[in-house]
Amino acid sequence: MRTADFDYPLPESLIAQAPLERRDDSRLLVLDRSRPELEHRHFRDLVELLPSPALLVFNDSRVIRARLRAQNSQSSGLFEVLLLEQNQTNDWWAMVRPGKRAKIGGSLILRHPARGNTGIVARVTEINDEGHRRLLFSGTRDLLAELEELGELPLPPYIERPAGSRDPRDDARYQTIYAGQPGSIAAPTAGLHFTQELLAALEARGVKLARTTLHVGAGTFAPVKSERISDHHMHSECYTLDAINAEKINQARQTGTPIIAVGTTTLRVLESIARLNPHGIAATQGKTDIFIYPPAEFLVVTSLITNFHLPQSTLLMLVSAFAAPGRTEGREKILNAYGEAIEKRYRFFSYGDAMWIR
């Protein structure tokens, strides 16, 4: 299949620029794989829509303030730094803009949002094939602990904010209510719709909850540049599944209980682990570069809650595979559903509405 096969036209006015006042007021497009008609509901309706019993699995990674401002130690030129992955304490891969001015051996002084230059210095030690810089930080015991004060939430570029924005609405809403271990540079957005009240109502109906962690990196959202999707290679991302949650998933599989993944990141963790051992889900941690596209099969996840994804993205390819496991017509199903969502003025992308593929 070709990358161009996963394109669709989207009016810019449908790209959500801010969250709704209440998380579960988002609309929900229900795609039932057993019938052609779509159903239009609201996210809070999951209380009556989800099967019971069922197991709902979340990605509890917390978004870090990964966007930093810096100044060249020699020329005083300004930089934007987006942390991508921590190798070890004070050793990070990052995107640096403008990249041409961040040469090996050069030093950048991090800036505080209110007080200007800090005593924290990043030295460029390496540049990889993608132009990312490896930065070694000095002047701090652990940069990760400084990010809450120095950094900005790494909102995607289609959400328009002034440079240096620290909007309290984004602080509150570009984070799931159950976020735990910090490490993501983008929110697992399907989970942004859940409220504590909704989770309590689901549990009261017999829906059990489980968690895994996948730290979302730039690779999930990197554009597919190859003409054929089979030539695209995903970046690896770190994940963890502990023994308690592995047991919940195994019990659901053994009893035939539906396993509902909240988001493509959760699905990628579960399917990655299952491919390592199809007979049982074990507690594990590691990295995954799994790339799912039609006509993929699925070993664990039986239904998927997700947001609407960018044209020609790996996430759009994943949901197309899930819409028709083992076949290729899922692409047409998804693009038809997206067309109806556009016609009915659904809100798209991170702060947008949701879809349930069951």
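Q: How many residues has helix 8, and how far does it reach from its first C-alpha to its last?
A: Helix 8 (residues 330–343) has 14 residues and reaches 20 Å from first to last C-alpha, close to the 20 Å expected at 1.5 Å a residue (the expected span is 1.5 Å times one less than the number of residues). Helices (H or I, at least four residues) and strands (E, at least two) are DSSP runs, numbered from the N terminus.

Q: What should I know about the source?
A: This is a predicted model, in which local features need pLDDT of at least 70 and side-chain atom pairs count only at pLDDT 80 or more, while totals for chains, interfaces and linings use all residues. Residues are numbered from 1 along each chain as its sequence is written, and side-chain values use heavy atoms, with hydrogens and water left out.

Q: Back to helix 8: which residues are buried?
A: Gly 330, Ile 334, Leu 335, Ala 337, Tyr 338, Ala 341 and Ile 342 are buried in helix 8 (buried means under 20% relative accessible area, exposed over 50%, partly exposed in between, with a 1.4 Å probe and protein chains only). Seen down the helix axis, these buried residues fall within an arc of 160°, so they line one face of helix 8 (the arc is that of the directions from the helix axis to the C-beta atoms).

Q: Which exposed residues sit on the face turned away, and what covers the buried ones?
A: The face turned away from the buried side carries the exposed residues Asn 336 and Glu 343. The cover over the buried residues of helix 8 includes strand 1 (27–31), strand 2 (38–42), strand 16 (303–307), helix 7 (314–323) and strand 17 (354–357).

Q: And His 309, where does it lie, and is it buried or exposed?
A: His 309 lies in the loop between strand 16 and helix 7, and at 7% relative accessibility it counts as buried. Leaving out residues up to four places away in sequence, His 309 touches several residues, among them Tyr 8, Thr 264 and Tyr 338 (contact means heavy atoms within 4.5 Å).

Q: Changing topic, which way do strand 3 and strand 12 run?
A: Strand 3 (residues 54–59) and strand 12 run parallel and are joined by six bridges, with Val 57 standing opposite Ala 210 in strand 12 (two strands pair if DSSP finds at least two bridges between them). Strand 12 also pairs with strand 13 (residues 237–241), in the antiparallel sense over two bridges. Six of the eight residues of strand 12 (residues 207–214) are buried, so it is largely enclosed by the rest of the structure.

Q: What about the barrel, how many strands has it?
A: The closed barrel has six strands, running 5-6-7-10-9-8 with antiparallel pairing. Neighbouring strands of this sheet are turned by 45° against each other on average, direction ignored (axes are lines fitted to C-alpha atoms, for helices over the stretch in contact, and angles run from 0 to 180 degrees between N-to-C directions).

Q: How many salt bridges are found in the whole structure?
A: A search finds 27 salt bridges (a side-chain nitrogen of Lys or Arg within 4 Å of a carboxyl oxygen of Asp or Glu). One of them joins Glu 237 and Arg 268 at 2.5 Å, N to O, linking strand 13 to helix 6 (residues 264–276) across 31 residues.

Q: Are those two buried or exposed?
A: Glu 237 counts as buried at 3% relative accessibility, and Arg 268 likewise counts as buried, at 2%.
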